[in-house]
Number of protein chains: 2
Amino acid sequence: MSGAGPNSTDCTGVVHYLKTAARDVERALDQLLPLPRLAPERELYFAMRYSLFAGGKRLRPALFFAALEAFGRERTPFLPFAAALEMIHTYSLIHDDLPAMDDDDLRRGQPTCHVRYGEALAILAGDALLTHAFALMLQPMAGAAPADQMAAAREVAWQAGIGGMVAGQAAEIVSLQSEVDEGLLTYIYQGKTSALFAAAVVSAAHLCGAAQEEIAALREYAKHLGLGFQIIDDVLDVEGDTAKLGKPVGSDEARELITFVTLYGCEAARQRAAQEAEAARCSLDIFGGSAAMLRQFPALLAERDH
Amino acid sequence: MSGAGPNSTDCTGVVHYLKTAARDVERALDQLLPLPRLAPERELYFAMRYSLFAGGKRLRPALFFAALEAFGRERTPFLPFAAALEMIHTYSLIHDDLPAMDDDDLRRGQPTCHVRYGEALAILAGDALLTHAFALMLQPMAGAAPADQMAAAREVAWQAGIGGMVAGQAAEIVSLQSEVDEGLLTYIYQGKTSALFAAAVVSAAHLCGAAQEEIAALREYAKHLGLGFQIIDDVLDVEGDTAKLGKPVGSDEARELITFVTLYGCEAARQRAAQEAEAARCSLDIFGGSAAMLRQFPALLAERDH
């Protein structure tokens, strides 16, 4: 019996929640992207599905479900939206791993998409996942007003693009040739991780016709949670276990990347992550008991080992 | 005074129309993607704008405007949608030009995006243009019902993604290692060119609340027009003028690409393009006089030199 209250660091409840969310979103992904019977595009689908089903915690769909729950809504009518969020996350990993970007050969212990299918098809698989995500988000969904659904998908486009993720990636690349201070690093981390967390929880809020102050609170929540996750990523890159991470430790150092750990050390980075976890929980104060699951996600930070 | 009737091959009217469409969409692009004042994402915007403003006929926005006209609608409220279509076209060119894809150093006589900004930023500029296009298409637009606007953006996602463009690109890459017959080539051409033409005219129809038979007719129109354009591209790659094309002629042959020209020769390819032009015009028979401008686009095929 889990006694996880709103401020608990016990994460057994959320770990179980992640498992059921992963099961649901993986089933949806499988149904929404079946292998075509005819030849011309089969290779493209293979590449898309290879990366989609290479594991992963399915954190963004789980956050999306937990936010729907905060508004008292079932996940079933919105499964295509959840699948779309995971497609966007997957596309970003495929493009990040490319030789011209991070040049990673392994992800979660498996060859990356471009190693397995070649660079050209990996670029296209990423493009296809990103594009198809919008086709899915824009399918009519029972219980969502079209104007709300438009706002939800628009939020995702903004957070995944120049308002968040791609901007963060670009800033990281440009920063490799310049001085990086904490302000720039925070900007990059918010883009790389907070932005898609925000896409997940804020799009759910839009779909449920949420009020502006609820949307603002969820955006704040995602900002802190994402920062915490990215900082723990830095720590794991130094202190982690290669087998659990599915990639070599020390890769940030090898790439001479400035991180919270290189700026302040592991201990201070862990403290900062704990502060972000607390700030994320506090952002939810305007919500009642229905946000209980959202309140538990920050507890994952203290327990993360991959 | 142009006497261009429905079956004319005189293209002075449409050439003028393309100029005003280009002026309108370029102004919209400039306003919708202003350079940010702060540093982190400036380089990304530079790369996006570099490719967006590198010229081009702005054919997709022009087709979009002409389709709006067929339904008696003004273009002004829908300028962000037109700009989005051009962003998607531009993203596809940036990614196509990458070393892992066509490896082109020049486009329209200028260095390609990755030559100018590096491969990593070029990949991200493409990703950002594609993503932001959806943010723009999903802005509230006066005179469009949200459900119609969702259908319009969903059509674009399908045609630009696994239902069209990306599928066509992937099929081309996979086909480099196999036998190519006319069926596969037609599939590739429809994906590479017809699909975004369809996105342009069919999304306009959705925004205007068109009937299913009108949408089907426009899809047919785009299919034939796109095929014709792609076949003329093949011819120009052999017979064209490097200065006008802004890239070397003979590049298909150098890459050992199978095209309509390598299969049947230039003369037969031109004849086939003319048949596609005629089929495109015939597809519009269910429309009245308001489709006059759409009827003139096929005339461009006979006159194209770049």
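**Helix α9 of chain B**

Author: Start at the end of the helix. Just after α9(B), B:Gly209 takes a positive phi of about 65 degrees. The model is predicted: local features need pLDDT of at least 70, side-chain atom pairs count only at pLDDT 80 or more, and totals for chains, interfaces and linings use all residues. Residues are numbered from 1 along each chain as its sequence is written, while chains are lettered from A and ligands numbered from 1 in the order in which they are written.

Now the helix itself. Helices here are DSSP runs (H or I, at least four residues), numbered from the N terminus.

α9(B) has a kink of about 45 degrees, centred on B:Ser194. The bend is the angle between axes fitted to the seven residues ending at a residue and the seven starting there.

Next, burial. In α9(B), 22 of the 26 residues are buried. Buried means 20 or more other C-beta atoms, placed from the backbone, within 10 Å of the residue's own. B:Val201 is among the residues with the most contacts inside the largest nonpolar core, which has 221 residues. Such a core is a set of buried Ala, Val, Leu, Ile, Met, Phe, Trp, Tyr and Cys residues joined through C-beta atoms within 7 Å. Beyond its neighbours within four places in sequence, B:Val201 touches B:Leu63, B:Phe64, B:Ala67, B:Leu218, B:Tyr221 and B:Ala222. Contact means C-beta atoms, placed from the backbone, within 7 Å.

Chain B and chain A give 41 residues each. On the side of chain B, the elements giving two or more residues are α2 (42-52), α6 (119-137), α7 (146-160), α8 (165-175) and α9. α6(B) has the largest share, 12 residues.

Last, the other copy. Chain B can be laid on chain A with an RMSD of 0.0 Å, by a turn of 180 degrees and a shift of 0.0 Å along the axis. Superposition is by least squares on C-alpha atoms of residues with pLDDT of at least 70 in both. The copies are thus related as by a two-fold rotation axis. In chain B, the C-alpha of B:Pro146 is nearest that axis, at 2.7 Å. In chain A, α9(A) has a kink of about 45 degrees, centred on A:Ser194.

Key. A residue is buried if 20 or more other C-beta atoms lie within 10 Å of its own, exposed if 12 or fewer, and partly exposed in between; C-beta atoms are placed from the backbone. Two residues are in contact if their C-beta atoms, placed from the backbone, lie within 7 Å.
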